Amino acid sequence: MQVKLVITTIAFMLTMIVFGYAALREPARMELFEGAYESRQVEFGASIYYSNCATCHGQEGKAELCYDAEGEQIGCAGRSLHNAELLCGEPSPRLVAMGWENGTKAGFINATVNAGRAQNGMPLWGADYGGPLEDYEVENVTNFVLNWETVELCSEPTAPAPVWPDDVADLPSGDAANGEQLYQVTYGCAACHGQIDQEGTNAVGPWAGAFKNRADAQPGYTAAEYLYESILLPSAYISPECPTGPCAGPPSAMPNNFPLRMTIQEMSDMMAYLLETSEFESNGNAIVYP
Amino acid sequence: MATFFDEVKEMGVKQATIAKVDDVVERVTAGMNINDVRAMLRGDEPRRPNPRLRPHADSFWLHIRPSFYHTEVTHIYPTFRLGWLSTFMFVWETITGIFLMVFYTPSPEVAYQDMWNIMSGVPLGQLMRDMHRIGAEVMVLVVALHMLRTFVTGSYKKPRQFTWFTGMILLVLTLVLSFSGYLLPWDQLAYWAVTVAVSAAESQPGPEFLGRNINLLLRGAPVIGAGGLLRFYLLHVLLLPLLAGIFIFVHYYKVVIHGHSLPPGREAIGEDTAKRVPKAERVYFLPDIMTSEVMWTALTTLGLIGGSAFFFDAVIESHADPLITPLHVVAPWYLSWSQGWLKWIFPNPFTGGEFDSKVVVAFGIIPILALAFTIMPYVEVGRSRRYADRRVGLSVGMFFIAFMLVSNWMGSPEYKVQSSAEQEVAQHILPQEGHSILLEVPYEELAAGTYLPNQVLPGREHLTHALAEFEVALREYSCTNEGDDRFEPCQPYQSDQGTRFSNSAHTEVLPDPYAALVITQVQHNVYELELVFKTDDPENPVDFHFTKYRHEDAAYEVY
Ligand code: HEM
């Protein structure tokens, strides 16, 4: 019996030592697990992002390079999510601009993904709104987007958003060869407007080959002015000539984010390609981009 | 009665205090004063009348314990302490379970997050979780072994048939307890194991409304959701422990009433002398059995805590997703046999077709087996408990154990895998869930690029190892014709697309695609790991991608 009591005492002491050891390593271990949980949420968010969002927001989230389900490159319809304006600071400049300065970035992104912005082409995703993603999935993809924030991103001087001239005459002269590349691939206009040398290739919007003759669409506009306005403000005037009859809208089915993604030079290049001229004629109409 | 104050006046502070303590000890032990307790701990003989018997009459806890045992049943053999261990494990699970309950909410919205919070936000939370989980598995094992031993020593025979009967109830309760706890973490492992098991109810051969309603009752809705989780939770923390508690008492009451059966060789055939213990062969509960139990408590606790702290990590997979069935849904090991049986084919002699294996297993084999076991002591009435007289019975028992072990193996994905070959190859190093050789490669070893199976990367041993495993799996699933001399020997071909194994005759199993691992950086601290399988063969187009992401701090190497 004495032996048993001795064994009991030793076992009890060893148990306490194991407990003590576990308790000592606990703070470090808890921190590791905390990091692991957050990281795995980001990983899971990545898989949601690349299977649902990258088609519009791009491989790097900059709305720079988008592929459709077949792997064909298409124009990116979404906004950039990987930028200092949205991700740097709390509230970030983008939050202030959207009237969300009393909320957090996480809340803003979460709410946008949940409810979408149907009028601007951002679908709704949250299951509570009838979308396909559960709350935890929206939360994880939000964490993934937030994970683009880095010290480098936030210390880079932000490129100022282009200030679009009000008069097409003030645009620099364009390079049609580069414009073709932009039209076909970078901004994916061809997917909707077809090839300029082949009527009937337009799938969604009016045929691009006709753009250069559309001077009369808005009374008193030149073709350049009309084209410029159509890209900056798609909903300002809805064209009657879509492949299946009059176009729907407003709001226009055409993405309205091109002015956020393009430089002024790119605008000129593309216009040069579509209008087959490198200088743009103006009737002096003011086209004001907000 | 004299108050303490009166006594101090009478005897002085010291004496009065001693008298008071003595009094308290006697009340607490229900009959032993302080000298009796000290004498017991010293190992002295008790005084007459033996005060160590009084607690068995007067105290609540000890009145359910016998006051003495036959010395023959106090050694490791014949009980192996397995019944005691089963009880211990039940108490252990109750204590660790209550700790976990404090931090757990049974709702699909938060259950999964709560599990992670237990592991990352609650001090010693992971240890508690491991202790509870290891406890559940040990308990199943211990109860099964206890059943085995009572079978082997013939302790189920008259007069202990009813003890065995209640034991069967406890076996079922133990299994269901374990399994109902399985769902609670609300991860993929939990969700799908339970979904598959519960769906067996749907296949029942009776009228359709029956299966539908059983299912509805368990799941609380057509699919397991908030209602189902709550039901499993309540079963797990309330109803089943309550039933188990009650039946443990019934079971143990029967054990005490009949006495522990002596080793079979110790009594004449057909006799039961367990209750007639000669004075010389008595071992008293106080102090001997009690110290022994205290010692085993301390040792088992040490073993379980040490095991959980150093060797065992309860897993958690990704969040439950009703839309994604993981490739290999596996039952826990203690139910794997049933999954093995589901893979069998049961031919139907009347139609020439086959029966639905779910029906046969869930509504045929399992109930019949359970019934057979339950009534076994009432049917198998051979008088002798001696091993030599029970050769047939013991052989059947051993055969049954072997059969269960083989069935268990059949339940594992290794036996009759139904998925496609490239999935299996991918599963080998980058499974959808669970341990992955590739994900466990330390983050520092990853870099963007295309890697070939079996590529050797100096200084990056883990990645090299993963690529070696990649080749092993690729070869295994590509070279299915090996040894057949109608085909050329199977050998690797390499191109910049990857590696392929071929004997230049495409097998139907895997059309020998080029395979490679492509790593891309998607964020400053996140890589995409993609296994790519491709063929250029227009007749057999293959273009498979298996993708996972790896964050710098995901710590797969550790957990
Ligand atoms: C939660 C599960 C169980 C608990 C807590 C439990 C507990 C116990 C205890 C404490 C004993 C006495 C000590 C010993 O034999 O080790 C015992 C004896 C016994 N148990 Fe169990 N038991 C359980 C399950 C089972 C099962 C599954 C069976 C068989 C189907 C079973 C059959 C028996 C029999 C026949 C005895 C009498 C043994 C004898 O007198 O030698 N028990 N049980």
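## Close-up views of a predicted model

**View 1. Chain B meets chain A.** The contact draws 47 residues from chain B and 38 residues from chain A; contact means heavy atoms within 4.5 Å. This is a predicted model, in which local features need pLDDT of at least 70, side-chain atom pairs count only at pLDDT 80 or more, and totals for chains, interfaces and linings use all residues. Residues are numbered from 1 along each chain as its sequence is written, chains are lettered from A and ligands numbered from 1 in the order in which they are written, and side-chain values use heavy atoms, with hydrogens and water left out.

**View 2. The area buried between the chains.** Chain B and chain A bury about 3,900 Å² between them. Of this, 68% is on carbon and sulfur atoms. In chain B, the most area is lost to chain A by B:Trp116, B:Gln523 and B:Tyr549. Together they make up 16% of what that side buries. Buried area is the accessible area (1.4 Å probe) that two parts lose on being put together, summed over both.

**View 3. Polar pairs and the chain B side.** Between chain B and chain A, 16 residue pairs are in polar contact, both residues at pLDDT 80 or more. A polar contact is a pair of N or O atoms within 3.5 Å; within protein, one must be able to donate a hydrogen and the other to accept it, and residues adjacent in sequence count only if both atoms are side-chain atoms. Several elements of chain B give two or more residues to the side that touches chain A, including helix H8 (111-120) and strand S10 (543-551). H14(B) gives the most, with 14 residues. Helices (H or I, at least four residues) and strands (E, at least two) are DSSP runs, numbered from the N terminus.

**View 4. The shell around the ligand.** The ligand is surrounded by 26 residues, each with a heavy atom within 4 Å of it. Among the closest are B:Gly83 and B:Ser261. A polar side-chain atom of B:His251 lies 2.7 Å from a nitrogen atom of the ligand. For B:His146, the distance from a polar side-chain atom to a ligand nitrogen atom is 2.8 Å. B:Arg160 has a polar side-chain atom 3.1 Å from an oxygen atom of the ligand. H10(B) supplies the largest share of the shell, seven residues.

**View 5. B:Asp36 in helix H3.** B:Asp36 is found in helix H3 of chain B. Its relative accessible area is 7%, so B:Asp36 is buried (under 20%; exposed is over 50%, partly exposed in between; 1.4 Å probe, protein chains only). Leaving aside neighbours within four places in sequence, B:Asp36 is in contact with B:Gly31, B:Arg47 and B:Pro51.
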